[in-house]
Amino acid sequence: MKVIRSFAAAVLLVVFTVSPAVAADTIKIGALLAVTGPASFLGAPEAKTLEMLVNDINKKGGVRGRKIELISMDTGSSPEKAFSFAKQLIEEKKVLAIIGPSTSGETMKIKNVAEEGKTTLISCSAAEVIVKPVARYVFKVPQDDSDVAVKIFDQMNRMHITKIGLLSSNTGFGKAGKEQVEKLAPAHGITVAVNEVYDKSATDLTAEVTKLKAAGVQAVLNWSIEPAQSIVIKNARQIGLNVPFFQSHGFANIKYAEAAGPAAEGVMFPAGKLLVAETLPKNDKQKDVLVKYKRAYESKFNEDASTFGGHAYDALYLILNAVEKTGGTDKEAVRTAIENTKGFVGIGGIFNFTPADHNGLDISNVGMLTVKKGRFAILGK
Amino acid sequence: MGLDLFFQYVVAGITYGTIYAVVAIGFNIIYNTTGIINFAQGEFFMLGGMIAVTLHEFMPLPSAIIGAVVITMFAGALIEILFIRWLKNPSVLRMVMITIGISILIRDMALYIWGNGVKALPYFTGTSVTSIKLGGVFVSPQVLWVVGISTVMVALLNAFFNYTLLGRQMRACAANRTAARLCGINAKDMVTLSFMLSAAIGALGGCIVSPITYVQYDCGTPLAIKGFTVAILGGLGNSTAAVGAGMILGLLESFSIWVLPAAFKDVISISILLVILFVRPNGIFGSADAAKLKEF
Amino acid sequence: MKARYMQVLLFVLSIIAIQLATTLTDSAYHLTQLTMTAYYTILILGLCMLVGYAGQLSLGHAGFFAIGGYMSAFLTTHDLSPYKAQASVALLADWGVLTSRPDLYGGSLLTVNPWAACIAAVCLTIVVAYIIGGPVLKLKGHYLAMATLGFGIIVYRIALASSSLGAADGISDVPPFRLLPGVEITGSSSARVMNYYVAWGGVTLGMVLLLNLIHSRVGRALSSIHGAEDAADAMGIPTARYKLKAFVLTAVLASVAGVMLTHYNGGIGPSEASVMKSVRYVAIVAVGGMANLWGALIMSLLLNFLSLRGCFGVYDDAVFGGILIIIMLFVPDGLLRRKVFSDIKGLFSRNTPGEET
């Protein structure tokens, strides 16, 4: 028996030295974000945003006198970690709600975990399957990909474009967009003549754009979120493929436009209002929120704010507003409060949730932007 | 397929091929003097590009590139001195794992220093949209820079290994280490030197290619795998053959898009690697007898 | 009783002790990560046999794990009801290979049942392992490392490029795997304790199998291949055949682990096939002492558990890279070398002298 006891004691020592002690009476919020790994373009700004906001709020005394305790975990965009961490947050840390994950693959894998643990999950990824069909505890803040695709098609229709080439990257982001474009294009009278998926770490896409050129497409639509999206514009222009160029909302980071240099001029893409916050008219409801977030983020981290960080902002404030409204941290009450949120002015748009709509955004929150002299600008009609 | 289009693909293939060949040459230099495959070779490439971009904020382009090459060279020496020099007769297994570990650590350090953003040097001439029209084919001037600098580099390397004392000492170590030591060559220094040379070539590659491909903390590994494929294809240790092999792989990848979805492009190149390993592990240009002499 | 069965008994008792301890201290939530750890451990034990005893490095075992997981996930989620009328589907249904279950939308799904899917996954793994293993195991040194790495990358790329495998999202909503009536592999919290025992029971079985194998004629032959392959060949040991068999066996262990973890997690993503995973498994084998199954088991338990609890934060990969370098630089035979390990064991088990590891 002595043997077993010493063995067990040794193992348990390891197990329990890891469990942290937690200060009482805080509002515990979990975050599962892909800070590193293939989706770090999404996860890193999201994690930074949360860190910044929670620090600010706690400095000002917290919500209803209670400090926020943010438990942020890096999933590296692997579903098995998301699964393990989600269980940990729910069962062990007993968080009020979870923000994230950053990718749809991870979100779909922990949807059931959130349902079973009766814990609100506000996903930062856009795939529509997350909220359709509606699961009681699962919400998402990014705009539906279908809205984004429709916005692009509307612009194409205005420009009388009917034959396009579609490029997308082999990530969850690229895949979701590709599916929506394939599904919705026929209804808008647009044919996808060439449809290619490239590797997210592709370094040269000349062969791909050459194929587009050979097919004689009237416009190119690229759906990705990696550096490859700047490479693809350059390659297209270099081989003399000078047709209108569309990008997805993944392009909404000025770094990509800068990286592509003059090739990015005139690229059109759909996005929320964050990127052009300063140029919005004064009466715009979102303007104050957007400008405030943008300035705070940019001065703190010395990099441009992106809409992806905005998802984390929206998710956090949805939860905190619900806490404010219900006055406590009853999980069920907070969930119901989030579900009944109306007119919440966030970064992604103005949210109106209902029990049947766990996204709360409509198409009016997306606009078309373009690149003018190396900066983003609203696309004129 | 029109003729113009055909040549457009050829140009794309040559661009890929040159990049792969540069990485492969880096592999070969270290392999020749030590019999080690340095799995961190791709990281030299990334470091070169990253450091050059950082330096370019303070100094003009040529000096930034030279600075990056020199710094990476010393990083290569440091790695050799810290992790390899003092090991006595390390087994291949051990070296594979150590260099894989080094590659992971360098990548994480780069993530810590530069973040996950993409960086690029400006185009050496013109801008991202400039292209030279040769007949019906468009070529970016940067591609010409890459091909030109790589050609000069291969020529200089050949001259170095064949006509300078140092180069010949390094080759002597590769041929027979014990005999070289008996002739008074400091074999250990030659190994350090080969790491420096290989790091410098990788870094230079990273600099000249970065306007086209960008550099990012994790861009080394995919390149290393392609570079290794090319090195094997040409026969390990044979740098001139690596250039030819690079072109073959580059063109295959470029034309493969006609047949298969682009998503499977990497599957093709790695399948080629496996087939070559199974059928002709000494490479398509190598001789079977020569490969047998090398001990693994 | 042989000493190695004493070790197994000790191991089983500690598994029970851990479970009881978590229940007593009201921290049963640890069992989730412990269960996941168990499945990775099955793979690692196999790899330990291959790398440590037979001396064949593999940087592609995550590929076999993914083949098992993906095959099983694909078959158990792919709806066949539109093809109900077809003869082949009807035949499968007659054989009891198919089951129907309700889906998320309230409709009904007709899919392959998990047992059949598991068998299919294992068969596929065996075929792939034979095809790949034959030529790969003829290679040595760098070529072997690179070929296995290449295999792993191909699996990863195919998973990432195939839309039927969910591309970057992977496959979700994989149903529970009913092993026996009342015994299910599922991530549901209510079945936590049962799943813990199922998983560690699997590890125990794998351990007994491998322990017996390495103490058999085959095991000694494999060790001789590790020591000096040419000499072994000259002694009349069919080295190629033994190496291939060992390779296939470990591939099957990896694949079964993949199947079970996929059912436990309710899904799988391409990250399971990534090169980093394969490297991590090798790192664990190395730190466990190369030719030391118990060492690999303990290190797998410790490192996977900490990793799955997020203790390494954003440095998860770096930790394993660092471990690999340090072990290979300073203790290339592995941290828990056989001798050191048996010394430690000697301290604990004074009653069982005459170790024969």
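**Figure 1. The fold of chain C in a predicted model.** Chain C of this predicted model is built from 14 helices and 6 strands, where helices (H or I, at least four residues) and strands (E, at least two) are DSSP runs numbered from the N terminus. The radius of gyration of chain C, taken over C-alpha atoms, is 21 Å, close to the 21 Å that the globule rule (2.2 Å times the number of residues to the power 0.38) gives for 357 residues, so chain C is as compact as a globular protein of that length. Of these 357 residues, 53% count as buried, a residue being buried if 20 or more other C-beta atoms, placed from the backbone, lie within 10 Å of its own.

Figure 2. Just after the helix, Gly216(A) takes a positive phi of about 65°.

**Figure 3. Where chain B touches chain C.** The contact (C-beta atoms, placed from the backbone, within 7 Å) takes 28 residues from chain B and 29 residues from chain C. On the side of chain B, helix H4 (92-114) gives the most, with 12 residues.

**Numbering and confidence.** Residues are numbered from 1 along each chain as its sequence is written, and chains are lettered from A and ligands numbered from 1 in the order in which they are written. Local features need pLDDT of at least 70 and side-chain atom pairs count only at pLDDT 80 or more, whereas totals for chains, interfaces and linings use all residues.

Note on methods
A residue is buried if 20 or more other C-beta atoms lie within 10 Å of its own, exposed if 12 or fewer, and partly exposed in between; C-beta atoms are placed from the backbone. Two residues are in contact if their C-beta atoms, placed from the backbone, lie within 7 Å.
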